[in-house]
Amino acid sequence: SAGTLSLSNSVVSGNTAFVGGAIESAGPLTLTATVIQSNNASYAGGGIYMDGGTLTMTDSVISGNTSPIGAGGGLLLDTAAVVLDRTTVSGNSSGNWGGGIYNLGTMTVTNSSIVANAANGWGGGIYNTATGIANVFNSTIAYNGANQDDDANGGQAGGVVNYGIFAIRNTLIAANNIEGIPLYDDCAG
């Protein structure tokens, strides 16, 4: 979508694409009470690939999406402005960085859960790049994992990797891990 797209009370499931397994959008995208699940992007953004534009998700779920060789198993936010409110990002996986979310834009997450996502590289929950601005308030980032393929390349921070600007308030970050290491590794960068 390059224009305005709104979905409510919907399910988008079982789709495959190069980027944005369920949705690729460059325009305003609004998702309300919507489930994005079991989609696959061969390169990036297993669930949603935001190529600029804006995304507002409320009372929604992004679950079980994959990006087997790229980044952003659940969402890849490329220069996008994103608001996630009362949204769950869970059970997504990427072959590289950001099992749940890979952020290059501006992201605000409130009253949400980012749980049980996996990255073969770094940042099982969230990977925030040098251009990324992330605000996470009143949320939970837990049980995510990095280096899930347990290869020689290793990984960092099952929870959050940050190289940009990251503000966290009233948020639980706990029980995130790196595969093959018996200690929790919640944050890096």
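**Close-up views of a predicted model**

**View 1. Strand 9 (residues 54–58) pairs with strand 13 (residues 81–85) in the parallel sense over five bridges.** The model is predicted: local features need pLDDT of at least 70, side-chain atom pairs count only at pLDDT 80 or more, and totals for chains, interfaces and linings use all residues. Residues are numbered from 1 along each chain as its sequence is written, and side-chain values use heavy atoms, with hydrogens and water left out. Strands (E, at least two residues) and helices (H or I, at least four) are DSSP runs numbered from the N terminus; two strands pair if DSSP finds at least two bridges between them. T58 is placed opposite D85 of strand 13.

**View 2. Strand 13 is joined to strand 17 (residues 106–110) by five bridges, and the two run parallel.** Here D85 stands opposite T110 of strand 17. Strand 17 in turn pairs with strand 21 in the parallel sense, again over five bridges. In that pairing T108 faces N135 of strand 21.

**View 3. Strand 21 and strand 25 (residues 165–169) run parallel and are joined by five bridges.** F137 stands opposite R169 of strand 25. Four of the five residues of strand 21 are buried, where buried means under 20% relative accessible area, exposed over 50%, and partly exposed in between (1.4 Å probe, protein chains only).

**View 4. The largest nonpolar core has 28 residues.** A nonpolar core is a set of buried Ala, Val, Leu, Ile, Met, Phe, Trp, Tyr and Cys residues joined through side-chain atoms within 4.5 Å. The residues with the most contacts inside the largest core are L31, I36, I48, L55, L75, I101 and I126. At least two residues of this core come from each of strand 5 (28–32), strand 8 (48–51), strand 9, strand 12 (75–78), strand 13, strand 17 and strand 21 (133–137). A second, separate core has ten residues, including Y49, Y102, Y127 and A157.

**View 5. L55 touches L29, L31, M50, L75, A81, V82 and V83, not counting residues up to four places away in sequence.** Contact means heavy atoms within 4.5 Å. L55 is also among the residues with the most contacts inside the largest core.

**View 6. Seven strands form an open, parallel sheet in the order 4-8-12-16-20-24-28.** Its edge strands, strand 4 (23–25) and strand 28 (187–188), each pair on one side only. Within the sheet, strand 12 and strand 16 (residues 101–103) pair in the parallel sense over three bridges. The bridge partner of L77 in strand 16 is N103.

**View 7. S90 is found in strand 14 (residues 88–90).** S90 counts as buried because its relative accessible area is 15%. Leaving aside neighbours within four places in sequence, S90 is in contact with I62, S63, G64, V115, A116 and N117.

**View 8. S10 is in the loop between strand 1 (5–8) and strand 2 (11–13).** S10 touches A33, T34 and V35, not counting residues up to four places away in sequence. A44 is 34 residues from S10 in sequence and 23 Å from S10 in space, C-alpha to C-alpha.
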